[in-house]
Amino acid sequence: MARGITTAELDKLTDSELAEKLKEAKEELFNLRFSAVTHRLEDSGRLQEVRRNIARIYTIARERELGIRTAPTAKK
């Protein structure tokens with residue numbers, strides 16, 4: 001997880017910032033998939049990394065929804 005987003009970094013984000021990160025990651029995944037199909041992808045490992053980042057974001061969001069984790073604004 002050298003270049004990926006850590007869960008500690010995601011914990012510090014608010015819900016809106018988390019949604020923005022998810023949107024950015026999905027856009028990047030789309031672009032990477034497009035590059036892979038057109039044989040222009042240089043780093044194939046980046047696909048797996050972005051998919052894992054998306055999964056981390058979904059996990060953090062779901063845990064907040066279930067009350068397992070709290071958003072930074074809720075701690076104050």
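Q: How many helices and strands are there in the chain, and in what order do the elements run?
A: This is a predicted model, and its chain has 3 helices and 0 strands. From the N terminus on, the order is simply α-α-α.

Q: What box do the C-alpha atoms of the chain fill?
A: Taken along the principal axes, roughly 50 × 20 × 15 Å.

Q: How do you know that the span of helix 2 agrees with its number of residues?
A: Count and compare. Helix 2 covers residues 15-37, which is 23 residues, and at 1.5 Å a residue that should give 33 Å. The end C-alpha atoms sit 33 Å apart, so the two values agree.

Q: What makes helix 2 and helix 3 count as roughly antiparallel?
A: Look at the angle. Their axes come within 9 Å and cross at roughly 155 degrees. Angles over 145 count as roughly antiparallel, so helix 2 gets that label relative to helix 3. As for handedness, the crossing is left-handed.

Q: Why quote both an angle and a distance for two packed helices?
A: Because the angle between the axes and the distance between them are what describe such a pair.

Q: Which residues of helix 2 meet helix 3, and what classes are in that contact?
A: From helix 2, the list includes D15, L18, K21, L22, A25 and L29. Among their partners in helix 3 are R46, L47, V50, I54, I57 and Y58. By class, the contact has 13 nonpolar, no polar and 8 charged residues.

Q: Which residues of helix 2 are buried, and what covers them?
A: The buried ones are L18, L22, A25, L29, L32 and S35. Their cover includes helix 1 (7-11) and helix 3 (45-66). Across the chain, buried residues make up 32% of the 76 residues.

Q: Why is S35 called buried?
A: S35, found in helix 2, has a relative accessible area of 17%. Buried means under 20%, so S35 qualifies. Leaving out residues up to four places away in sequence, S35 touches R40 and L41.

Q: Why is T38 called partly exposed?
A: Its relative accessible area is 34%. You'll find T38 in the loop between helix 2 and helix 3.

Q: How far apart are T38 and L66 in sequence and in space?
A: T38 and L66 are 28 residues apart in sequence and 41 Å apart in space, going C-alpha to C-alpha.

Q: Why is K12 called exposed?
A: The relative accessible area of K12 is 64%. K12 belongs to the loop between helix 1 and helix 2.

Q: What share of the contacts in the chain with a separation of 6 or more comes from residues 24 or more positions apart?
A: Residues 24 or more positions apart account for 63% of those contacts.

Notes. Residues are numbered from 1 along each chain as its sequence is written. This is a predicted model: local features need pLDDT of at least 70, side-chain atom pairs count only at pLDDT 80 or more; totals for chains, interfaces and linings use all residues. Side-chain values use heavy atoms; hydrogens and water are left out. Helices (H or I, at least four residues) and strands (E, at least two) are DSSP runs, numbered from the N terminus. The expected span of a helix is 1.5 Å times one less than its number of residues. Buried means under 20% relative accessible area, exposed over 50%, partly exposed in between (1.4 Å probe, protein chains only). Contact means heavy atoms within 4.5 Å. Axes are lines fitted to C-alpha atoms, for helices over the stretch in contact, and angles run from 0 to 180 degrees between N-to-C directions. Angles under 35 degrees count as roughly parallel, over 145 as roughly antiparallel, 65 to 115 as roughly perpendicular and the rest as oblique. A crossing is left-handed if the near helix is turned anticlockwise from the far one by less than a right angle, and right-handed if clockwise. Ala, Val, Leu, Ile, Met, Phe, Trp, Tyr, Cys and Pro count as nonpolar, Asp, Glu, Lys and Arg as charged, and the others, Gly among them, as polar.
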